[in-house]
Amino acid sequence: MSEREKIIRYYRSSGDAELAAKLIDLADNALRSRKYRVSEFLDPYGYSIAETIAAHYPGLALQSEGGYNGAERVRVVFAEPDFPGRIDFAITALAVTWDGRHHQLGHRDILGALMSLGVKRELFGDIILKGDSCHIIADTTIATYITQNLLKVAAAPVSIQVVELTAIEPREEKMKEIRSTVASLRLDTVAAVGFGISRTKMTSEIEADKVKVNWQQAKSASQTVKAGDIISMRGRGRVEVCEIIGQTRKGRISLLLRRFL
C-alpha cells in the first residue's frame with residue numbers, strides 16, 4: 001500500500017478522506033513542478049491533516065496564513081524549503097458595516113449571508129466581528145463577487161469594501177474559566193457544564209449535529225473527552241477542556257474548563 005493510500009485510509013474513518021486526497025494532490029503537484037501550491041481555507045483540524053501530509057514529504061515545507069495574527073482558519077502552502085520567489089496566499093480582507101442603531105448582527109448572520117450567495121465555506125476564512133462592523137477574510141478570486149452581491153445581511157443593508165490586511169487587529173478573545181465537577185467525562189456531561197445548559201438539551205444539540213470535538217463532528221453524546229479537547233457548538237462558541245484535576249471524595253471528576261465568548 002502506497003503512502004497516499006495509507007493516509008487516505010487513515011482519514012476515511014473520520015470522513016476526511018476527500019480533504020486528505022486534495023492536500024496530497026497539492027503536495028504532489030508542488031513537488032513535481034518545483035513551485036508552490038495553495039490550499040483552500042482550513043479549520044484547525046484540516047491544518048493538522050496538512051501537517052501529517054507534510055511530514056511524509058521531506059522535500060517540502062509547510063507554511064500557513066490566515067490574513068492576520070491569530071487567525072483560526074488558514075490557507076496552507078506546500079513549497080520547497082528554499083523556494084526563491086514570493087508566495088501569494090491570495091487572501092483579501094473585506095470590511096462590512098451596518099447601522100447598529102437598528103440592527104444587531106452576529107457571526108451566524110454573516111456566515112449565512114455568504115453561504116446564501118453560493119460561496120463555499122472553503123473560500124473564506126475568519127469572520128471577525130467588532131461592534132457594528134466585521135472583517136471577512138476571503139479568497140481573492142471571489143472578493144469582487146462578494147463586494148458586488150453582499151448587499152444585505154438578514155434584514156440589514158450593509159456596505160462592503162476591500163481593505164488592507166494590516167487593518168485587521170489581532171484576535172482578542174474573551175474567555176472565562178469554569179471550575180466544576182461532573183459524574184463522567186461524557187461529551188454531553190462536560191459540554192453541558194461548559195455551555196451552561198442542561199444535559200438533556202446538550203444531547204439534543206449533539207444529535208442535531210450542532211457540536212464538534214476538535215473540529216470534527218461529534219460521534220455521540222456518550223463519547224469521552226480529555227484534557228486539551230476543544231468542544232464547539234454552533235451559535236455558542238467553544239469550550240476547551242483545560243485540565244482534569246482529579247476526583248473528589250464523592251467520586252466526581254473535578255474539571256477546569258475555559259469558555260471562549
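A pocket is taken here as an open set of grid points with protein on both sides within 12 Å along at least five of seven lines, and a residue lines a pocket if one of its atoms lies within 4 Å of a point. In this predicted model, the second largest pocket is lined by S13, S14, V213, N214, Q216, Q217, K219, Q223, K226 and D229. The volume of this pocket is about 180 Å³. Sorted by class, its lining comprises six polar residues, three charged residues and one nonpolar residue.

According to an unreviewed UniProt entry, residues 185-249 carry the annotation "domain: RNA-binding S4".

An open sheet is built from three strands in the order 1-3-2, with antiparallel pairing. The edge positions are held by strand 1 (37-42) and strand 2 (61-65); each has a single partner strand, so one side of each lacks a neighbour in the sheet. From one strand to the next, the twist averages 25 degrees. Four bridges connect strand 1 with strand 3 (residues 74-79) in the antiparallel sense, and L42 is placed opposite V74 of strand 3. Two helices pack on this sheet. Helix 2 (residues 17-33) touches strand 1 and strand 3, and its direction makes about 160 degrees with that of strand 1. Helix 3 (residues 44-55) touches strand 1, strand 2 and strand 3, and its direction makes about 10 degrees with that of strand 3.

A further open sheet contains four strands in the order 5-6-4-9, again with antiparallel pairing. Here strand 5 (124-130) and strand 9 (159-163) are at the edges; because each has a single partner strand, one side of each is left without a neighbour in the sheet. The twist in this sheet averages 20 degrees from one strand to the next. Strand 4 (residues 91-97) pairs with strand 9 in the antiparallel sense through five bridges, and V96 faces I160 of strand 9 across the pairing. Helix 4 (residues 107-116) packs on this sheet, where it touches strand 5 and strand 6 (133-139). The direction of helix 4 makes about 140 degrees with that of strand 5.

Terms used: Residues are numbered from 1 along each chain as its sequence is written. This is a predicted model: local features need pLDDT of at least 70, side-chain atom pairs count only at pLDDT 80 or more; totals for chains, interfaces and linings use all residues. Side-chain values use heavy atoms; hydrogens and water are left out. Two strands pair if DSSP finds at least two bridges between them. Axes are lines fitted to C-alpha atoms, for helices over the stretch in contact, and angles run from 0 to 180 degrees between N-to-C directions. Contact means heavy atoms within 4.5 Å. UniProt positions are given in the numbering used here, feature names are shortened, and annotations may be inferred rather than shown by experiment. On a 1 Å grid over the protein atoms alone, a cavity is a set of points where a 1.4 Å probe fits but cannot get out, and a pocket is an open set with protein on both sides within 12 Å along at least five of seven lines; lining residues have an atom within 4 Å of a point. Grid points are joined across faces, edges and corners, and a volume is the space filled by probe spheres set on the points. Ala, Val, Leu, Ile, Met, Phe, Trp, Tyr, Cys and Pro count as nonpolar, Asp, Glu, Lys and Arg as charged, and the others, Gly among them, as polar.
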